[in-house]
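Hi there,

Here is the structure I promised to pass on to you. Please open it beside this email and follow along as you read.

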Amino acid sequence: MKVVAIQSSPNLDGLTASLARAVLKGVAAEGGETELVHLNRLELKPCIACDGGWGKCRSEGVCILEDDFQALREKIGEADALVFATPVYWHDLSESAKVFLDRLRRCETHGDFKAFASKRAIGIASAGGSGRGAVRALYNLEDYLRRLGFEIFDLVPVTRVSKDHKLGMLEHVGRRLVRS
Ligand SMILES: Cc1cc2nc3c(=O)[nH]c(=O)nc-3n(C[C@H](O)[C@H](O)[C@H](O)COP(=O)(O)O)c2cc1C
């Protein structure tokens, strides 16, 4: 099994990345193949809503913008499962998460095209400040993931108070992802 994790914090060794790594540790412990992608290191332009708002991706399947989007889209397509971990900014997903997921939703959710339908996803929202907004951010992340066709394996809100026990739990989630 191949699992790709995307973390959308600018801090490559921060809380969000550590949560994504915890899942991948569990996956690797069960013999799975893992890859961690730091979304903020990639060039990702915002969707310009081309073609009068409908998007050329709707008819042509590919985005007209040239950057790292298509390669990451293909990487998810080649994986069996996706882990998506975002820091909570203003009770919502991070900017880079929204830019990427907005474009992925554009390109993947028209007609009968459901490239991700057989894949499982784990969503993680890391609210390392007051802890407020973790569930709201996760609610928005769930909407993206379901709309993209993923089967939700787990949705995990994490705060400063819960992070110590959630880290262990996420490793267990990674193990179960491979076993089940
Ligand atoms: C612009 C900004 C907005 C934030 N908004 C929230 C928030 O609404 N709720 C919260 O608990 N933490 C908030 N935080 C704290 C982040 O959630 C926290 O820094 C994050 O979990 C740390 O993840 P990292 O170490 O991966 O960067 C905010 C941080 C920034 C920079």
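Let me begin with a term used throughout: two residues are in contact if their C-beta atoms, placed from the backbone, lie within 7 Å. Please keep in mind that this is a predicted model, in which local features need pLDDT of at least 70, side-chain atom pairs count only at pLDDT 80 or more, and totals for chains, interfaces and linings use all residues. Residues are numbered from 1 along each chain as its sequence is written.

**The whole chain**

The chain has 6 helices and 5 strands; helices (H or I, at least four residues) and strands (E, at least two) are DSSP runs, numbered from the N terminus. Their order along the sequence is β-α-β-α-α-β-α-β-α-β-α. The C-alpha trace spans about 45 × 35 × 25 Å along its principal axes. For 180 residues, a compact globule would have a radius of gyration near 16 Å, and the chain agrees with its 16 Å. That radius is taken over C-alpha atoms, and the globule rule is 2.2 Å times the number of residues to the power 0.38.

How much of the chain is buried? Of the 180 residues, 41% count as buried. A residue is buried if 20 or more other C-beta atoms lie within 10 Å of its own, exposed if 12 or fewer, and partly exposed in between, again with C-beta atoms placed from the backbone. Among contacts between residues at least 6 apart in sequence, 78% join residues at least 24 apart.

Next, look at α1 (15–29). Among the buried ones are Leu19, Ala20, Val23 and Leu24. The buried residues of α1 pack against β1, β2 (33–38), β3 (81–87), β4, β5 (151–159) and α6 (163–179). Just after the helix, Gly31 takes a positive phi of about 90°.

In soluble globular proteins, nonpolar side chains tend to be buried together. A nonpolar core here is a set of buried Ala, Val, Leu, Ile, Met, Phe, Trp, Tyr and Cys residues joined through C-beta atoms within 7 Å. The largest core has 50 residues, of which Ala5, Val23 and Val83 touch the most other members. The largest share of this core, 8 residues, comes from α1. Not counting residues up to four places away in sequence, Ala5 touches Ala20, Val23, Leu24, Leu36, Val37, Val83 and Ala85.

**Around the ligand**

Which residues come nearest to the ligand? Of the 19 residues around the ligand, they are Gly14, Thr16, Ala127, Gly128 and Gly129. The elements that give two or more residues to this shell are α1 and β4 (120–127), and α1 gives the most, with 3 residues. The shell divides into 7 nonpolar, 11 polar and 1 charged. Here Ala, Val, Leu, Ile, Met, Phe, Trp, Tyr, Cys and Pro count as nonpolar, Asp, Glu, Lys and Arg as charged, and the others, Gly among them, as polar.

Ser8 is found in the loop between β1 (2–7) and α1. Is Ser8 buried or exposed? Ser8 counts as buried because it has 27 C-beta neighbours inside 10 Å. Leaving aside neighbours within four places in sequence, Ser8 is in contact with Leu39, Asn40, Thr86, Pro87, Ser94, Ser96 and Ala97.

Most residues other than glycine have a negative phi. Ala49, in the loop between β2 and α2 (56–60), has a positive phi near 50°. Ala49 is exposed, with 11 other C-beta atoms within 10 Å. His91 also has a positive phi, of about 65°, and lies in the loop between β3 and α4 (95–108). With 16 C-beta neighbours inside 10 Å, His91 counts as partly exposed.

Lastly, Arg147 lies in helix α5. Arg147 and Arg105 are 42 residues apart in sequence and 7.2 Å apart in space, C-alpha to C-alpha.

Happy exploring!

Key: Near = placed C-beta within 6 Å.
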